[in-house]
Amino acid sequence: MVAEIVPPRASSQPDNASQLHSVTRRAALLGAAGIGSLALAGRAAQAQPAKPAEIKVGIATYLSGPASVFGVPGRQAAEMLFDELNEAGGIGGVKLRPIFVDEGPGVDHFVGEYRRLVQSENVNLIFAGISSADCLACAPLSDEMKRPTLLWDCGTQRVFEDGKYEYAFRPQANATPEVLSALLYLLRAKPDFRSIAVVNQDYAWGRDSWDIFRTGLQTLKPGVRVAAELFPRFGATDFSTEITRLLALRPDVVLSTTWGGDLDAFIRQSNDRRLFERSTFVLPLAESSLERVGKSLPAGHIIGARGDHWFLHPNPADPALLARFTENYRKRFNAYPIYSTHHMAQAVFAMKAAYEKALAAKGGGWPTDAELAAAFRGLEFPSLTGRIRIREDGQGLEDQLIGTTVNTDKYPFPVMTDMVVFPADTVTAPVGQKSLDWLKTLKPEMVQAMPQPVAFKP
Amino acid sequence: MADWLSQNGLLLGLAALDGLSSAAAIFMVAVGLNLVFGVLRILNIAHGSLYAIGGYAAASLGLFLTARGLPAWMSLPALVVAAALVGVLLGPLIERLLLRRVEGQEPVLQLLVTFALFMVLEDLQKLVWGVQPVVSDTPVRLLGNVEVPFGADTIPFTAYQLFVLPGIALLTLVGLAWFLRRTLAGRMIVAVTEDREAARAMGIDAAKVTLLCFTAGAALAALGGALASPTASLVPGVGAQTIVLSFAVVATAGLGRVEGAAVTALLIGLGRAFAVYFEPELEVVVPYIIMVLVLLVRPQGLFGTPETRRI
């Protein structure tokens, strides 16, 4: 983008020779540095920015480490969608350019990358990221640097429950609806279960998601025995001890919010040792593993997709849009799109909708960063399967799809049947309420009020 | 105590079985690193990458055999063949091109060089195998399950976990011990490990011993990965996670001690299994608790010998 670099307070510069002479070299250098940095961050102060040559979007995703199983598909989806947008003329006639950065090295590195994207690359927006820690770090940064930021994939509900931000928005759900909808589905599908065990990865997501599930469970079905709480290390490849323990305990239900290679290994090893025959599994992230684990994941277990998305969604708002995305993605990357590709699509669609809203509000004039950020608040935009609304607190309201695995001849991996799409507002904590407090107010009647399941249609 | 034992005796038995197979896997990961450090005195950070590449190579070979419709039993020797190939191809290359150049240099420089190599190999691995998890579980399915009695119930274990992993770990331990103590080449390695200068003075070609040792270490790392590949999903980053545990084992065992690695792996494997059964919150930290406790009492490690400093 060709930014007009306007010193914010030109009139405050010394205007007579004696004053100039009294300025030391050190003070001059410091002043110049200050003016330079203000100028770099000063685009928001412009009353009427010119239409840029291109829209630069910084995208933080995992390109290395175990989470690259989501991060790389996310990048691929971004590349495909940016290409499609540019072929269609861009946004407001301006082409887009993604600049990818790796979340792999950790949160400190990411914070540096965020600042670099704003100060050196001068990006117009940032999509960040997959890691909840990165989202918690960059939400305050977005306000500090006044750069619109979309939290495109991270799950922690704490971002908007613990803070208020002007420039950070999430065009997708958070952990609370993702986990609560799986619990509600379980309570409806298997109402008589008496014991449960959890096997989650030993890091923030594994612990937080269990807190959400357990709190909801204690409220909606008190008295269920927690047979075991197992938290193998993140990145574990061998679950044999945990599986033996579960085989001996025989809990009615095994919950695991594990993902990626860890989940693949857990599913395969559980299948090898026939644990699926003894317990019903609830795997809220298993949609992303289906193609890889194939029929190692047997029929009759509950799975989710972290939102209202799946390439075989039972009731997409625009079936042609979903089919085109799935087909294009498959052709280009030789795999079915998983949930992180849908989350990336939601970020891209939200960006497009917000620009169009801001442009319309100014009668076609190019929006400032502040005007663009304001356009995200209350924004409604299409996803690949339905519609999403960004609430006044910045949190997206996204429905949740949960189903039960079934094997068919059409696919070499299980698909979902008895699918339920939970309306977002029934499973998301209201604005201003903390999830764990809200979960304690739930009533068992909500289990009966959930929508009817839809069977898989071959 | 007697009451607790009578109530939990069966569980202890199950935990011991899990601990044994876990110990076998840990031993296979750490023994190569221990051997390499003993001779080269270089803490090889890239050991984790060799583990990962061994795993990926074994999985790829297994998938290739399956795709070609070759008999399933071939997937078992394929694990060893893949590991040997990785060791023989990468071991000499790394030793000749990189490690030989930093021999006798500052430890910090050696660490940096092997760390750089680790980064390069991580990227190479992503270039070749991508980022999606890779697995080939034919060996596990081929061997089937064993039902272990548990009161009136039975618990299915995979034969691979119960027999193959501990069996190969035991063979490796006995084979290495025999090789190091009973063969001329092994004794030359021990001599170089104990005193490189004295060994050279006796006419031992230390450079050749180093090359042999590093190649064997690389092959053992690759074998660790290959043996894990039928059950684990191989993903980017698996090498980094492996190297941390390997360092804990090697430090606890005493650097350069093969039997020490076996005993430490057994302690950690059993410790982790018992933790999962009786105090799951401790599972992740068990290896490090054992390491700290051992190093507090024996700073040189379980089987290490205190070194005298030369002035």
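Helix 10 of chain B passes helix 12 of chain B in a left-handed crossing. This is a predicted model, so please hear every value that follows as computed from it.

Let me stay with that pair. The angle between helix 10 of chain B and helix 12 of chain B, residues 286–297, is about 25°, and their axes are 9 Å apart. The cut-off for roughly parallel is under 35 degrees, and helix 10 of chain B is therefore roughly parallel to helix 12 of chain B. On the helix 10 side of chain B, the residues that meet helix 12 are B:Leu245, B:Ala248, B:Ala251 and B:Thr252. Their partners in helix 12 of chain B are B:Pro287, B:Tyr288, B:Ile290, B:Met291, B:Val294 and B:Leu295. By class, this contact has nine nonpolar residues, one polar residue and no charged ones.

Next, the other partner of helix 10. In chain B, helix 10 spans residues 238–253 and helix 11 spans residues 258–278; they pack at an angle of about 120°, with axes 8 Å apart. Helix 10 and helix 11 of chain B are therefore oblique to each other. Helix 10 of chain B passes helix 11 of chain B in a right-handed crossing. From helix 10 of chain B, the contact takes B:Val249, B:Val250, B:Thr252 and B:Ala253. From helix 11 of chain B, it takes B:Gly260, B:Ala261, B:Val263, B:Thr264, B:Ala265 and B:Ile268. The classes here are seven nonpolar, three polar and no charged residues.

Now to the interface between chains. How many residues of chain A are in contact with chain B? There are 33 of them, in contact with 35 residues of chain B. In chain A, helix 3 (68–87), strand 7 (225–230), helix 9 (240–249) and helix 10 (260–272) each supply at least two residues of that side. The side of chain A that touches chain B divides into 10 nonpolar, 11 polar and 12 charged residues.

Within chain A there are two domains: domain 1 covers 54–173 + 318–394, and domain 2 covers 176–305 + 399–448. Their centres, taken over C-alpha atoms, are separated by 28 Å. Between them, 19 residues of domain 1 of chain A are in contact with 20 residues of domain 2 of chain A. On the domain 1 side, helix 3 and helix 5 (132–145) of chain A are the elements giving two or more residues. That side divides into 10 nonpolar, five polar and four charged residues.

Two backbone details in chain A. A cis peptide bond joins A:Ala128 and A:Gly129, with omega about -10°. A:Gly129 is in the loop between strand 3 (125–127) and helix 5 of chain A. The other is A:Arg250, which is not a glycine but has a positive phi of about 50°. A:Arg250 sits in the loop between helix 9 and strand 8 (253–255) of chain A.

Last, confidence. The predictor gives the complex an ipTM of 0.86 and a pTM of 0.84. Chain B averages a pLDDT of 89, with 97% of the residues scoring at least 70. Chain A has a mean pLDDT of 89, and 90% of its residues reach 70 or more. In chain A, pLDDT stays under 50 over residues 1–25, where the model has 27 contacts beyond four places in sequence. It also stays under 50 over residues 27–42 of chain A, with 11 such contacts.

How values were computed. Residues numbered from 1 in each chain as written. Chains lettered and ligands numbered in written order. Predicted model: local features only at pLDDT ≥ 70, side-chain atom pairs only at ≥ 80, totals over all residues. Contact = placed C-beta atoms within 7 Å. Helix = DSSP H or I, 4+ residues; strand = E, 2+ residues; numbered from the N terminus. Nonpolar A, V, L, I, M, F, W, Y, C, P; charged D, E, K, R; others polar. Axes fitted to C-alpha atoms, helices over the stretch in contact; angles between N-to-C directions. Parallel < 35°, antiparallel > 145°, perpendicular 65-115°, else oblique. Left-handed = near helix turned anticlockwise from the far one by under 90°. pLDDT = per-residue confidence, 0-100. Domains from an automatic or database assignment.
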